[in-house]
Amino acid sequence: MMNKFMSAEAAAALVQDGDTVGLIGGGGGLLEAACLFSAVERRFLESAHPRNLTLVHSLGIGDRKARGLNCFAHEGMVKRVVGGHWVWSPTMQKLAADEKIEAYILPGGVITQLYREIAAHRPGLFTHVGLGTVVDPRFGGGKMNKSAKDDLVDVMEIDGRELLRYRTFPINVALIRGSFADSHGNICMDQEPTNLEAYAIALAAHNSGGKVIAQVRTAVDVGTLSSRQVRIPGAIVDAVVVDPDQSMCYDLVYDPTISGEIRGPVQPEAVQPFTERQAVARRAWEELRDGAVINYGFGMPDAVAKIVAVRGDQDRYYQTIEHGTYGGSLLEGMLFGFARNASAMIDAPSQFDFYAGGGLDITFLGFGEIDAKGNVNVSKLNGRTVGPGGFIDIAQNAKKVVFCGTFDAKGTQLKTGDGKMQIVKHGEICKLVKDVEQITYSGPQGLRLGQEVLYVTERAVFRLTPEGVALTEVAPGVDIRRDVLDRMAFTPIMTSDPKVMSSHYFMDTAKA
C-alpha cells in the first residue's frame, strides 16, 4: 500500500551530492521547512554529505543567525546559491564575500515564475523584468562575486521588443512545507500564512525527474482532505515528514486569522513613538488615493502601512503583499509577509504576474543609495550581497513608486517633533551618490515606462524628471545648502525654490 511518510533522516538522505535544491520560505520562518533544513544540515555535519549543492530561493529565509538558509551555510556543503534575498543569512553572505561559493541574485518574482518554465520544459522565462538593472547581463547579470562566472540571463529581441531570457535548469530536490498530508502524499496548506510558490517548485522538481520532499505538522487518513484542500497532489510528492512541533513561524505557533481560516478581532494599532521614520511615512502617505492597489516593501515603508492601520483605513485601498496576500492587517518586522484577516491568498507566481503586468497603482519601497539618474541600489551595499527580493519585479512595474528612507546613515542625529527638522549631526554614509554601487531600480527605464517616481527622506523630497533627480521639497528647519545640497554627491535639478514640507509631518502629536 502506498505510504510516503518517512523520518526526517531518511528524507535528508534523498538529497545527493551536486543536487540543485529549491527552497521555499520567507523571513521569520514563513512557510519554512525547518525540520527538513535541520536534518540535511545534521547529515552534512556528521558525514560531510551532501556536498556541492546549488541552492535556489526566491525570498530571504532565516533569522539573521542560525536558522533558515543558515543551515546550509557550511563550506563544502554548497557550491552555488541563486537567491532572491540574502539578508536573513549572514553566514551565507560571508561565504559569498570570502569567495567560498558562487553567488548570484535574481528578482524574487522571476525565480517563482522560472519554476513554472522549468516544470513545462520551456527554454526560459522571457520578460521585461530586470532590464537596465543588475540582473541585466550588460550590468552584471546577477553575478555577485568573482566566483560567479556562468551566465544565467540573456538579452533578446522579440518582435522588436527587448527582453531578458532567464535560463531554465533542472531542480533535483524541492523542500516544501504544508499543514496536513495523507500517506499518498497529498498536501494541504490550510493552516499556513501563505502559499508562496509551493506548487510551482514542487512541479519543477517532479518534472525534472527530481524529488519533492514535504514537511507537515499533522498526518491524516486518506480521504480526509477534500479535493479543494489539496494544494499539492500526491502524484508529484515523493516523501512526507511529520513534524508535530512545526509552528506557523519562529515567534508564533498558530493563529487562524493569519492562515485565513477565520476572521477575528484585531487589536487597535498602538501609536508609535514619534521619530523621523514617522515624518517620512506621513509625507509618503500623502501619495495614496482611494481605491489604489498598493504594495509595501520591507523596512521603512512598514511605517506607511502602520499609518493606514492606525487610522483604520485598510478598506480604502487594496493592500497586497508579493507573497500572494490581499487585504487584511499587514504585520511588520520579522513578520513581514504575514497578514491578519486577509481577503484573498493566491500563489506567489500569479501575484508577480499581476505586478509585472502593471497591476500595482503605487508601491512604497526602501532605498540604500540613489544617484543622479534616479537609479536606486538595495541589492549590494558596502560590498555585501543583499539581493532584491521582490523589489525589481515591483519597482519596475508599479505606476507610481515612492522610495522611503533616511537622507544619510551611520551616526546621524536628528531633532524633531516640534514641527521642524533639525540636523544635529550628519551621518558618515552618503546615500545620495554620484553612481550607485549596483542598479536595482533603473531611473532611465522608469522614465521610458512613464512611471511617477518620488524619493522621500526626512529632510527633503526629490522627483525623477527627464532631466534627472529634482529637489522639490525641504523640511521646515532644514538649511538647503548646509543640510541637503552640500551632503549630496551630485547636484539635483532645481527649477524653482523647493516647497517647504508641512510642519504637521514633524509634529509629535503625543506632545501637542
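This is a predicted model: local features need pLDDT of at least 70, side-chain atom pairs count only at pLDDT 80 or more; totals for chains, interfaces and linings use all residues.

Modeller: Let us begin with a pair of residues: I370 has L432 in β31 as its bridge partner. Residues are numbered from 1 along each chain as its sequence is written, and side-chain values use heavy atoms, with hydrogens and water left out.

Biologist: In which sense do β22 and β31 pair?

Modeller: Strands of a sheet pair through backbone hydrogen bonds, either parallel or antiparallel. Two strands count as paired if DSSP finds at least two bridges between them. Here β22 (residues 369–371) and β31 are parallel, with two bridges.

Biologist: What is the order of the open sheet of three strands?

Modeller: The order is β23-β22-β31, and the pairing is mixed. The edges are β23 (376–377) and β31 (432–433); each has a single partner strand, so one side of each lacks a neighbour in the sheet.

Biologist: How many residues lie between the strands in the hairpin of β28 and β29?

Modeller: There are four residues between them, and G417 in this hairpin has a positive phi near 115°. The strands β28 (residues 413–416) and β29 (residues 421–425) pair in the antiparallel sense over four bridges. T416 is opposite M421 in β29.

Biologist: Which residues other than glycine have a positive phi?

Modeller: L31, with a phi of about 55°, is one of them, and R64, at about 65°, is another. L31 lies in the loop between β1 (20–23) and α2, whereas R64 belongs to the loop between β2 and β3 (78–83). For accessibility, buried means under 20% relative accessible area, exposed over 50%, and partly exposed in between, using a 1.4 Å probe and protein chains only. L31 is buried at 0%, while R64 is partly exposed at 39%.

Biologist: Where is P50 found?

Modeller: P50 is in the loop between α2 (34–47) and β2 (53–57). The peptide bond leading from H49 to P50 is cis, its omega being near 0°.

Biologist: Which residues have the most contacts inside the largest nonpolar core?

Modeller: In soluble globular proteins, nonpolar side chains tend to be buried together. A nonpolar core is a set of buried Ala, Val, Leu, Ile, Met, Phe, Trp, Tyr and Cys residues joined through side-chain atoms within 4.5 Å. The largest one has 152 residues, and L55, F72, M92, F403 and F462 have the most contacts inside it. Contact means heavy atoms within 4.5 Å. Leaving aside neighbours within four places in sequence, the contacts of F72 include L23, F37, V40 and L175.

Biologist: At what angle do the axes of α4 and α5 cross?

Modeller: Two packed helices are described by the angle between their axes and the distance between the axes. Axes are lines fitted to C-alpha atoms, for helices over the stretch in contact, and angles run from 0 to 180 degrees between N-to-C directions. The axes of α4 (residues 108–119) and α5 (residues 198–207) cross at roughly 30° and come within 8 Å. T112, Y115, R116, I118 and A119 in α4 meet A200, I201, L203, A204 and N207 in α5.
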